[in-house]
Structure formats: structure tokens, C-alpha cells
Amino acid sequence: MCEAVREGIAVLQRKHGVGYSAAIRKALDHINAHYAEDLSLNTVADVVFLNRDYLSRQFKKEVGVNFSEYLMSVRMKQARCLLENSSLRISEVALRVGITNMSYFSTVFHKVFGCKPNDVRKNKQSKKPITGVTFSIWRDNVLLGDYQTGSDGKITISKAPAGTYRVQE
């Protein structure tokens with residue numbers, strides 16, 4: 001039970017940037033702000049004033065994935081958002097998230113989301129969003145968070161004061 005509580009707390013802390021060292025927080029902020037640029041571990045190491053190898057080890061230790069995986073996940077999430085909320089061509093979406101090779105972009109997108117980039121656009125056009133649904137996510141009797149779909153069908157997180165999550169009915 002204690003392990004489950006620690007794991008739940010760790011998930012929430014990572015989601016809200018709590019529990020990271022100052023250097024890793026700065027690295028994450030830099031990646032999130034500059035994901036569309038030609039980013040490398042060396043570039044970010046220079047920004048946070050750490051040795052490349054040390055940053056690599058600390059990043060993996062604190063974030064749970066390596067630098068490249070994290071950068072690609074940020075890029076893919078942004079790409080999906082652009083595909084769902086714009087009429088940009090898929091090649092333009094790839095460029096806007098920092099990927100110049102269309103074949104590579106499509107391959108990684110399919111690996112991450114289980115569908116082709118064009119499928120996301122087709123689904124957006126053919127489906128109405130589900131709205132007004134509230135649900136909670138629990139794991140081993142630990143509430144990880146409350147979520148609700150808004151009028152646009154997007155999921156939002158509802159957070160109560162003092163860092164606790166409330167249960168919605």
C-alpha cells in the first residue's frame with residue numbers, strides 16, 4: 001500500500017513539475033519552450049550548465065525517460081494537437097514540431113499513437129466531442145486525479161486547494 005501511495009504521489013509530482021531538481025526543471029522548461037528547434041542533449045546541457053553525461057543520467061533518473069524520448073513525446077503531443085486543431089498540412093505540422101523528415105514523422109507518430117497522422121484529422125472531422133463527462137482515475141485505492149470533458153471535448157484536470165484532488169460525483 002505504501003508503495004502505491006508513493007507511486008501515485010510521484011505521478012502527480014511529475015505532472016506538476018514538483019520533485020525535480022532545479023537543473024532538470026530548467027531543462028524541461030527549455031525543451032517545452034524550444035521543442036521545434038534543433039535541440040540536442042549538448043544544447044540543453046549548455047543551457048543548464050551541466051556536463052552532457054551527467055545531465056543524461058540525472059534526466060533519466062528524475063524524469064523516468066531519456067532526453068530523446070522526452071523530446072519526442074513533447075513533439076508528438078504538439079503534433080497531435082496541431083493536427084486536431086488546425087488545417088495545416090501534415091508536412092507543415094512535422095516542420096512546426098521540429099521534424100524535417102516526413103517519413104520519420106509518420107513512423108514515430110504511428111508508433112506513439114497507434115494511428116497515422118491523417119487518421120487523426122479524419123477522426124476530428126467525423127466525430128463530435130463527448131462533453132460534460134466527469135471521471136476520476138484511481139490506482140490501488142489512491143486517487144490520481146479528477147478529469148472532465150469540456151464543451152470542446154477536451155479533458156481538463158480539476159485540482160482542489162492544498163494539492164489534494166477532490167472526488168466529483
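Guide: Take the side of H4 where Arg57 and Lys61 lie; both are exposed. The model is predicted.

Visitor: What makes a residue such as Arg57 or Lys61 count as exposed?

Guide: The cut-off for exposed is a relative accessible area over 50%. Arg57 and Lys61 are classed as exposed, so each passes that cut-off.

Visitor: Which residues of H4 are buried?

Guide: Leu55, Gln58, Phe59, Glu62 and Val63 are buried in H4. Buried requires under 20% relative accessible area.

Visitor: Why is Asn51 called a cap of H4?

Guide: A side-chain oxygen of Asn51 lies 2.7 Å from the backbone nitrogen of Asp53, at the N-terminal end of H4. The limit for a polar contact is 3.5 Å, so this pair of atoms is within it.

Visitor: What is found just after H4?

Guide: Gly64, which takes a positive phi of about 100 degrees. Phe49, in the loop between H3 and H4, has a phi near 60 degrees, a positive value in a residue other than glycine.

Visitor: Why is Phe49 called exposed?

Guide: Its relative accessible area is 69%. The cut-off is over 50%, so Phe49 counts as exposed.

Visitor: Which residues have the most contacts inside the largest nonpolar core?

Guide: Ile31, Leu55, Phe59, Phe105 and Phe109, in a core of 33 residues. Helices H2, H3, H4, H5, H6 and H7 each give two or more residues to this core. H5 gives the most, with eight residues.

Visitor: Which residues does Phe105 touch, leaving out those up to four places away in sequence?

Guide: Met76, Ala79, Ile90, Val93, Ala94, Val97, Ile99 and Pro117. Each counts as a contact because heavy atoms are within 4.5 Å.

Visitor: How many helices and strands are there in the protein?

Guide: Eight helices and three strands. Of the 169 residues, 32% count as buried.

Key: Residues numbered from 1 in each chain as written. Predicted model: local features only at pLDDT ≥ 70, side-chain atom pairs only at ≥ 80, totals over all residues. Heavy atoms only, no water. Core = buried A, V, L, I, M, F, W, Y, C linked by side-chain atoms within 4.5 Å. Buried < 20%, exposed > 50% of the residue type's maximum accessible area, 1.4 Å probe, protein only. Helix = DSSP H or I, 4+ residues; strand = E, 2+ residues; numbered from the N terminus. Polar contact = N/O pair within 3.5 Å; in protein donor to acceptor, adjacent residues only side chain to side chain.
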